[in-house]
Amino acid sequence: MNCRVALKVDCDTLEGTREGVPRLVEILGKRGIRATFYFTFGPDRSGRAALRVFTQKGFLTKMLRSRAGSLYGWRTMLSGTLLPAPSIARGSADAMRAAAAAGHDTGVHGWDHVGWHDGLDRMAPERVAGEYGLAHAEYLRIFGKPARTSAAPGWTVSARSLEVQEERSLSHASDTRLGPPFFPSAGGRTFGTLEIPTTLPTLDETLAWPELRGDDAQRAFFRGAPKGTEVHTIHAEVEGRSKAPLFGAILDDWLAAGFTFPLLSELAAEALGDRDQIPTREIVKTRLPGRGGTVATGWPAGPVGSTAKS
Ligand SMILES: [Zn+2]
């Protein structure tokens, strides 16, 4: 079976970007694998995520099971709560540029990850455009050219966020979960920015699955998870730090199985080469095992980890 796994790297925090990204560049470089890195540029208020313990069903269980403190680091857990929120772009622009220089693809994840993830539905329309615009301006300042792709924080989108995304003439976006690429529709409008969903469960989800206890069980699960062409999201805060050895082992298993690792831009070019065959799908919210809250999807009926076009 010739599986392909496009690696999407979400960088949500200052520590994850400054320390996790260089570690991931090293892990990937050693194995000759390229990935697509999505950066968050604004304030790191990730500690606010800790507040969800008290407000969201299922989150506390996940935090305890995954030992979130050691998984994310206590500094990250407290950022923006007890500690002031630092600017991610100011603290880690060099790490971002080094990832691009190593041959990886880069794009925009967001401005204020926690604010977007927790508050997009209540955000004023001009603030949605403002935050998205700030992230793109910062990308342009750091990389010297406009971003060609973006990926919504926490797979959280709205009709408004898709509208401001559409104004950027991106090659593709990766905002949703499950299923093959499609053109999204929301709020009565169909958008022309190709959406390439994440198809596999993420490690920060599977760490909370009671049936997968320990790194060996995790490794065995991911060894068999790809069924065709998949998009796998990893987190610089997790796979680039405490779970780096496990991530390296998962990559080694996939390499041993003969899997290849296309960039998201390569999957986009492939899909857009046959544009008439790309379906249009309505964006809805769904829940995934091991993840608190909801995520956006165009394929709500699809099984978890369903396979993209192979
Ligand atoms: Zn993220």
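Visitor: Is Arg241 buried, partly exposed or exposed?
Guide: Arg241 is partly exposed, with a relative accessible area of 22%. Buried means under 20% relative accessible area, exposed over 50%, and partly exposed in between (1.4 Å probe, protein chains only). This is a predicted model, where local features need pLDDT of at least 70, side-chain atom pairs count only at pLDDT 80 or more, and totals for chains, interfaces and linings use all residues. Residues are numbered from 1 along each chain as its sequence is written, and side-chain values use heavy atoms, with hydrogens and water left out.

Visitor: Ok, which side chain does Arg241 meet in a salt bridge?
Guide: Glu19, at 2.9 Å, N to O. That pair links distant parts of the chain, 222 residues apart: Glu19 sits in helix H1 (residues 14-30) and Arg241 in helix H12 (residues 238-242). A salt bridge here is a side-chain nitrogen of Lys or Arg within 4 Å of a carboxyl oxygen of Asp or Glu. Helices (H or I, at least four residues) and strands (E, at least two) are DSSP runs, numbered from the N terminus.

Visitor: And how many salt bridges does that rule give?
Guide: The count comes to 18.

Visitor: Switching to Asp215: what does it pair with?
Guide: Lys243, with the closest N and O atoms 3.2 Å apart. Asp215 is in helix H11 (residues 215-224), while Lys243 is in the loop between H12 and helix H13 (244-256).

Visitor: Lys243, buried or exposed?
Guide: Lys243 counts as buried at 17% relative accessibility, whereas Asp215 is partly exposed at 35%.

Visitor: Which residues do shared partners join into one network?
Guide: Arg177, Asp204, Glu205 and Arg291, through their salt bridges.
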